[in-house]
Amino acid sequence: MTIDLPSFRNLVVGGGRHLLESTLVPAGLFYLLLTLVSFDSGVIAALCWSVVVVVTRLVMRKPIPAVLWLTSALLIARTALGLATGSAFLYFLQPTLQNFVIASLFLVSAPFNKPLLARLAGDFCSFPDTLSGHPGMRRFFQRVSVLWALVFAVNGSVTLVMLAKATVGNFLMVSTAGSYTLVALAIVGSLWWFRRSLRSEGIVLRMASHKPALTAV
């Protein structure tokens, strides 16, 4: 059988939009306001962006990705801690430690029929029900959850070392570049693993430009 998914371009654009909304723009606003105004201004600007994005989606009745809910909730906690202490170290310590929390959640949820990673993946690509319920698909997400748990654990460890040694500016540039390089490599590896797993189940993955559908060959 053949699985038709949206075109690669549509997947990249959709995933990039989620990444910009939830991570890159808040980080950029924080650094800009930190440099031009003050630490508190940067913290507030990052939070305001996330709140505006969530409220806009609610008003327009658009679905809110689980990634955006997660990052917004964590950003609120970070903002409260940062404003209360005025410490950039503590402000960045929380997202650094959350890497270990996410790694633990991926690992703990791996044995379930629908691991946390499978739910988050649905934000970037809507799989047909017949595919998401396929035993081979479940096994794939259970196994790849272990890989992503390792990715977040490594990312958290390296970021923690950088946070302890680097200035805020250097920390943001190096940790952001390093984190997204690691994540990009993991995504490429996961996609290769995904296609290989489906092929072993007799399922062919075909990138198309139309709505996902499941058809028998």
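Modeller: Ground rule first: a residue is buried under 20% relative accessible area, exposed over 50% and partly exposed in between, using a 1.4 Å probe and protein chains only. This is a predicted model, where local features need pLDDT of at least 70 and side-chain atom pairs count only at pLDDT 80 or more, while totals for chains, interfaces and linings use all residues. Residues are numbered from 1 along each chain as its sequence is written, and side-chain values use heavy atoms, leaving out hydrogens and water.

Biologist: Good. In what order do the elements of the chain run from the N terminus on?

Modeller: Helices (H or I, at least four residues) and strands (E, at least two) are DSSP runs, numbered from the N terminus. The chain has eight helices and three strands. From the N terminus on, they run β-α-α-α-α-α-α-α-α-β-β.

Biologist: And what share of the contacts with a separation of 6 or more comes from residues 24 or more positions apart?

Modeller: Contact here means heavy atoms within 4.5 Å. Among contacts in the chain with a separation of 6 or more, the share from residues 24 or more positions apart is 74%.

Biologist: Is L147 buried, partly exposed or exposed?

Modeller: L147 sits in helix α7. Beyond its neighbours within four places in sequence, L147 is in contact with S190 and W193. Its relative accessibility is 29%, so L147 counts as partly exposed.

Biologist: Which residues does F152 touch, ignoring those up to four places away in sequence?

Modeller: F152 is also in helix α7, residues 135-165, and with a relative accessible area of 18% F152 is buried. V183 is 31 residues from F152 in sequence, yet their C-alpha atoms are 8.7 Å apart. The residues F152 touches are N99, I102, A103 and F106.

Biologist: How many nonpolar residues does the contact of α2 with α3 have?

Modeller: Ala, Val, Leu, Ile, Met, Phe, Trp, Tyr, Cys and Pro count as nonpolar, Asp, Glu, Lys and Arg as charged, and the others, Gly among them, as polar. The α2 side includes F39, V43 and R57, and the α3 side includes W69, I76 and G82. By class, this contact has four polar and two charged residues, and the nonpolar ones number twelve.

Biologist: Which residues make the contact of α4 with α8?

Modeller: These helices pack at about 20 degrees with axes 11 Å apart, α8 being residues 168-200. They are therefore roughly parallel. The contact is made on the α4 side by A88, F92 and T96, and on the α8 side by V168, F171 and L172.

Technical notes. Axes are lines fitted to C-alpha atoms, for helices over the stretch in contact, and angles run from 0 to 180 degrees between N-to-C directions. Angles under 35 degrees count as roughly parallel, over 145 as roughly antiparallel, 65 to 115 as roughly perpendicular and the rest as oblique.
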